[in-house]
Amino acid sequence: VLFRSVPLVASVPIPKASEWTPRYARFTLFALPGKGLTVTFEPNKSVFNNPDAASSAISQIAHYLVVHRDAKIELTGTTPHAGTFAFDVALSEARAYAVKVLLVKQGVYHSQVATRGVGWRFRTYVNDQGPDGTLLPGPAAHNQSVIVSLIK
């Protein structure tokens with residue numbers, strides 16, 4: 001026996017890495033602070049307030065897409081009803097694309113992620129305008145999101 005001096009070592013289970021699983025067809029990635037993830041964008045921009053927090057928030061999605069190269073997602077950006085519809089659509093598209101850039105930086109194929117912006121025209125939109133037309137902060141924060149949908 002060649003390994004007589006080597007002590008026996010018991011097997012040590014390796015904990016399974018935390019992994020994102022697409023349990024729902026759609027879910028909101030960036031939402032109200034205090035209610036889930038608190039990643040936010042600078043006002044009227046597609047720049048993250050905290051890029052490291054944003055990268056961390058999407059790391060499990062990135063891992064899933066890297067492991068499942070045939071999987072595809074769509075990122076749908078939404079906004080409050082704060083500017084012209086054209087501006088809101090462009091801003092929401094740019095924010096969805098900003099999330100895509102972070103995913104690609106984590107190894108996701110560009111072709112696995114589609115993006116689109118819908119401004120404030122989406123199914124779960126909550127009225128964010130006061131009677132005098134002022135923007136209501138709570139509903140406006142709800143309407144500002146990037147929705148992740150598994151499409152394949």
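Is Ala141 buried, exposed or partly exposed, and at what relative accessibility? Ala141 counts as partly exposed because its relative accessibility is 24%, where buried means under 20% relative accessible area, exposed over 50% and partly exposed in between, with a 1.4 Å probe and protein chains only. Ala141 is placed in helix α3.

The model is predicted, so local features need pLDDT of at least 70 and side-chain atom pairs count only at pLDDT 80 or more, while totals for chains, interfaces and linings use all residues. Residues are numbered from 1 along each chain as its sequence is written, and side-chain values use heavy atoms, with hydrogens and water left out.

## Strands

Helices (H or I, at least four residues) and strands (E, at least two) are DSSP runs, numbered from the N terminus. Two strands pair if DSSP finds at least two bridges between them. Strand β2 covers residues 73-78 and runs parallel to β3, with five bridges joining the two. One of the facing residues is Thr76, which stands opposite Arg116 in β3. From β2 the chain passes through α2 to β3, and this β-α-β crossover is right-handed. That term applies if, with the strands pointing away from the viewer, the path from the first strand over the helix to the second runs clockwise. Ile73 has Val113 as its bridge partner in β3.

Strand β2 also pairs with β4, this time antiparallel, through six bridges. Here Glu74 stands opposite Ser149 in β4.

Strand β2 is largely enclosed by the rest of the structure, because six of its six residues are buried. In a regular strand the side chains alternate between the two faces of the sheet. Ile73, Leu75 and Gly77 point one way from β2, whereas Glu74, Thr76 and Thr78 point the other way, and all are buried.

## Nonpolar core

A nonpolar core is a set of buried Ala, Val, Leu, Ile, Met, Phe, Trp, Tyr and Cys residues joined through side-chain atoms within 4.5 Å. The largest such core has 22 residues, and those with the most contacts inside it are Phe48, Leu65, Ile73, Leu75, Val99, Leu103 and Val113. Two or more residues of this core come from each of α1 (51-67), β2, α2 and β4 (145-150). Helix α1 gives the largest share, seven residues.

## Aromatic rings

Rings of Phe, Tyr and Trp (its six-membered ring) pair if their centres lie within 6.5 Å; planes under 30 degrees apart count as stacked, over 60 as edge-to-face and the rest as tilted. The structure holds four aromatic pairs. One of them is Phe41 with Phe48, a stacked pair at 4.6 Å centre to centre with 25° between the planes. Phe41 is buried at 7% relative accessibility, and Phe48 is buried at 9%.

Phe85 and Trp120 form an edge-to-face pair, because their ring centres are 5.3 Å apart and their planes stand at 75°. Phe85 lies in helix α2 (residues 85-105) and Trp120 in the loop between β3 (113-117) and α3 (137-143), so this pair ties together parts that are 35 residues apart in sequence. Phe85 counts as partly exposed at 30% relative accessibility, whereas Trp120 is buried with a relative accessible area of 16%. Phe85, Trp120, Phe122 and Tyr125 form one aromatic cluster.

## Charged side chains

A charge sits over a ring if NZ of Lys or CZ of Arg is within 6 Å of the ring centre and within 35 degrees of the ring normal. Arg121 lies over the face of Phe85, 4.1 Å from the ring centre. The charged end of Arg69 is placed over the ring of Tyr109, at 3.8 Å from its centre.

Side chains of opposite charge can pair when their charged atoms come close. A salt bridge is a side-chain nitrogen of Lys or Arg within 4 Å of a carboxyl oxygen of Asp or Glu. The structure holds two salt bridges, listed below.

| Salt bridge | Closest N and O atoms |
|---|---|
| Lys45 and Glu42 | 3.6 Å |
| Glu74 and Arg116 | 3.3 Å |

The pair of Glu74 in strand β2 and Arg116 in strand β3 links distant parts of the chain, 42 residues apart. Arg116 is partly exposed, with a relative accessible area of 34%. Lys45 is partly exposed at 42%, and Glu42 is partly exposed at 25%.
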